[in-house]
Amino acid sequence: MLRFIAHRLLQAVPVLFIIIAVSFFMLRLAPGGPFTAEKAIPPEILRNLEAHYGLDKPLHVQFFTYLGKVVLHGDLGPSFKYSNRTVNEIIADKLPVSLELGGLALLVALVLGLTFGILAALRRNTFLDYLYSTVGMLGICVPTFVFGPLLVLLFAIQLGWVNASGWYTWQDRVLPALTLGFVFSAYIMRLTRAGMLEVLHQDYIRTARAKGASEVRIVLRHALRGGLLPVVAFLGPGTADLLTGSFVIETIFQVPGLGREFVNSAFNRDYTLVLGTVILFAVLIVACNLVVDLVQVWLNPKLKFE
Amino acid sequence: MLLPAVPRLITTTLAALLLVSCAKQPTNVERGFREQVLHLGNLSDPRDLDPHHNFDDSAFYTTMALFEGLVNFDPIDLHPVPGVAERWEVSPDGLVWTFHLRANARWSNGDPVTAEDFVFSARRMCSAALGAEYSYLFHVLRGARDYLQGRQTDFAKVGVKAPDAGTVRYELEHPCPYFLTLLAHIAWFPVHAPTVLKAGRIDEPYTGWSMPGKLVGNGPFALVSWRQNQELIVRKNPYYWDAARVQLQEIHYHPIESSEVEERAFRTGQLQLTYDVPANKIDLYRRTQPTVLLESPWYQTRFISFNLAGPPFNDPRVRLAFGLAADRTQLANFPVPRLASAAPSASPPGFGYNYRGPAAMGLDVERARHLLAEAGYPDGRGFPRVEFRFDASDRSHDLAQALQEMWRKNLGVQVALASQENRLFFTSLNRGEYQFALDSYFGDYGDPNTFLSLWLTGAGNNHPRYANPAYDRLIDEANHQLDPAHRFALLADAETLLLTDAPVAPLLHEIRFRLRHPSVRGWHGTLLEMHPLQDVRLDPP
């Protein structure tokens, strides 16, 4: 297993290098720079600003300087938009927010998705199954930028239970986590239902029944382990996606998370902030996929570390 | 059985959760008038709080709270009123301005504000290495342009002096009737020399001196905290010379990019003032809550910039035809009535003794068709394929579509539309890589010169690359003119010439919309979107 992990980590090195290189050069090829604005900056001023950030040097020199700083010191450089902050500071401030929102949403998604997925599978082709499947389908189809404002309209504006937006008290966490979690729960529900249906017809379930195991024990102990495999495969990239923040949710609910920084940094041509978040996301996705692989081997005795 | 109980468990938990949160807390608005705390939407976070390193719209609001120049704006009509300077005089030739500082002006750490601070600040702004985006506002100072562009290295030769701690003297390149409104611009605000120098050299950009815990300002408010993308908080500065007049205890700036999100926050009492209003809600507010909707004209012009470098727009007749075929009244009321006002001239009305540009551009289909035929395209026949560029905002998209239809109907010309992401769009305009485009400009200071100097030969924002020595001469002559009436006559002549050559075709002056809670007093819509905060207070409605 250690060999497997070491092997996968080694594989990650060229992957990350390619991601950094491609993002770096694509970003630089995009017209307009961090100092392009509605009102043009006088040339003598622009030259000085560019010199301050080393943008006047040849592109490949800039690339290797950047790469060196990232690899040797973990230094992601100064932000172009927030002149007095470094990308490391911004990530340190914003990542915990995205992690909190993502974690809560994941919790919502798992609780709702697994419960209703299992129930739908057990009550296959009944009214309940159709109801859960319909709601699940809605969850997949209705975009968050519709679902979120609808929740705000009901719970914040009509009922006045929570604030429309902001990230100050725990009440402010409820609507964003529900919105983000609901969409993911729909996927998880459908995957759980499909996985469970497949497993419930297997011989070993019949064996368990024959041995007189209780229904709860059959579902939770025997069926779930196999039925969860598709869900786990989905959770790898899904978790990375949830944890790194959602631009839409963060915008709708005014959450100071990393997703907003990422998207806005591209509009702002904040080169270092774009690269910093891309590197972070890449590392997270690589890590989540690795964890998923480990969990899958643990869940499925047929798989081996090869 | 355990399983069927689970959904009920979840529903109960969720219901309980929502019930707990139901314990009503007072909203920001309700707390606001008790504690005098203003919550306002501010679009986005400023790049920096350093007044010399500010370029974004949103930075103006925060900077005006934290710093103060020699001269302030009146909160209603923006006429210059005393700020750090309690009085001033100008020499008969209009070239030397002397300002007398008030003795009780202090920095937020208690230090007195001195004339040396203003000399230091001017020197900092004029150092090219600092990279101050608004440094061109200093070109009016004698020798400043040479110093900025490195032709002169001795700052003593630049026209700013401090004869004593209480007196600042500026010497100008040319008489500048709008000098006082320039001084109220944040670029002319002073910075605290010891604080700046503690963090780095005078001309070193982004040293972090303007961050919470370090920033020392001289404005009515002092910086408390700043969490990016969440909230920037300022609190009343007890050292401010006019602190007795300041009613607000705190201001919270919320960077909310989406006007929809902002409007919902306003409706739940989280904000007293918004930055913008969603266009599709404007009519609703007009009908249902007209007192909440603040509509104010803006010192801004939307115009078409034509690229003079190639056909077909190197022919002034074609440019004029396109300009005359646009129905400005219809544009101003599309898609919502009264979103803007029609602009017959390039500089908006409102400043400088009510200078009005010549009413040169209006709908004249007859003449437009005639000009197009004269240029060789009768009824649009044989007109080459042209592409009209605009930025990615919804507003620009609406306008571009309306214009496309007007040109098709009135001129018989098919125009292709091309929307571009903002930075891409500005880059195309700056590099002259476009045929014609939906351009706009908002005034930096309260004088028509801020618009008319755009089209001087070689000017930085001269997107059409218009070069007419006669135009340059008229503007220059106007700027050496002391008599306001004569000066405006010269500016009007220049503008008439501009609109005859038609490198640009003015279309609209936009209107700014905000939502303002009735408890907010003393905050007015102003032409330059500057909002002095000294008189703002919150009363129970």
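Colleague: In strand 10 of chain B, which residue is the bridge partner of B:R235?
Modeller: B:E250 is the bridge partner of B:R235 there. Keep in mind that this is a predicted model, where local features need pLDDT of at least 70, side-chain atom pairs count only at pLDDT 80 or more, and totals for chains, interfaces and linings use all residues. Residues are numbered from 1 along each chain as its sequence is written, with chains lettered from A and ligands numbered from 1 in the order in which they are written.

Colleague: How many bridges pair strand 9 with strand 10 of chain B?
Modeller: 4 bridges, in the antiparallel sense, with strand 10 covering residues 250-254. Strands pair if DSSP finds at least two bridges between them. The strands (E, at least two residues) and helices (H or I, at least four) are DSSP runs, numbered from the N terminus.

Colleague: And what about strand 8 and strand 9 of chain B?
Modeller: Strand 8 (221-227) and strand 9 (231-236) of chain B are also antiparallel, over 6 bridges. B:S225 sits opposite B:I233 of strand 9. Their hairpin has 3 residues between the strands, and B:N229 takes a positive phi near 65 degrees in it.

Colleague: New topic: in what order do the 4 strands of the open sheet in chain B come?
Modeller: The order is 4-5-7-6, with antiparallel pairing. Strand 4 (85-90) and strand 6 (160-164) of chain B are at the edges with a single partner strand each, so one side of each has no neighbour in the sheet. From one strand to the next, the twist averages 20 degrees.

Colleague: How many bridges join strand 6 to strand 7 of chain B?
Modeller: 3 bridges, and strand 7 covers residues 167-171. B:V160 stands opposite B:Y170 of strand 7 in chain B. Helix 4 (115-125) of chain B packs on the sheet and touches strand 5 (96-101), strand 6 and strand 7 of chain B. Its direction makes about 165 degrees with that of strand 6 of chain B. Contact means C-beta atoms, placed from the backbone, within 7 Å. Angles run from 0 to 180 degrees between N-to-C directions, and axes are lines fitted to C-alpha atoms, for helices over the stretch in contact.

Colleague: Over to chain A. At what angle do helix 1 and helix 13 of chain A pack?
Modeller: About 155 degrees, with the axes of helix 1 (2-29) and helix 13 (271-299) of chain A 10 Å apart.

Colleague: How many residues of chain A and chain B are in the contact?
Modeller: 44 from chain A and 48 from chain B. The side of chain A that touches chain B divides into 23 nonpolar, 13 polar and 8 charged residues.

Colleague: Last one: what domains is chain A divided into?
Modeller: Domain 1 (18-73) and domain 2 (99-259 + 282-299), with bounds from an automatic or database domain assignment. Their C-alpha centres lie 40 Å apart in chain A.

Terms used:
Contact = placed C-beta atoms within 7 Å. Nonpolar A, V, L, I, M, F, W, Y, C, P; charged D, E, K, R; others polar.
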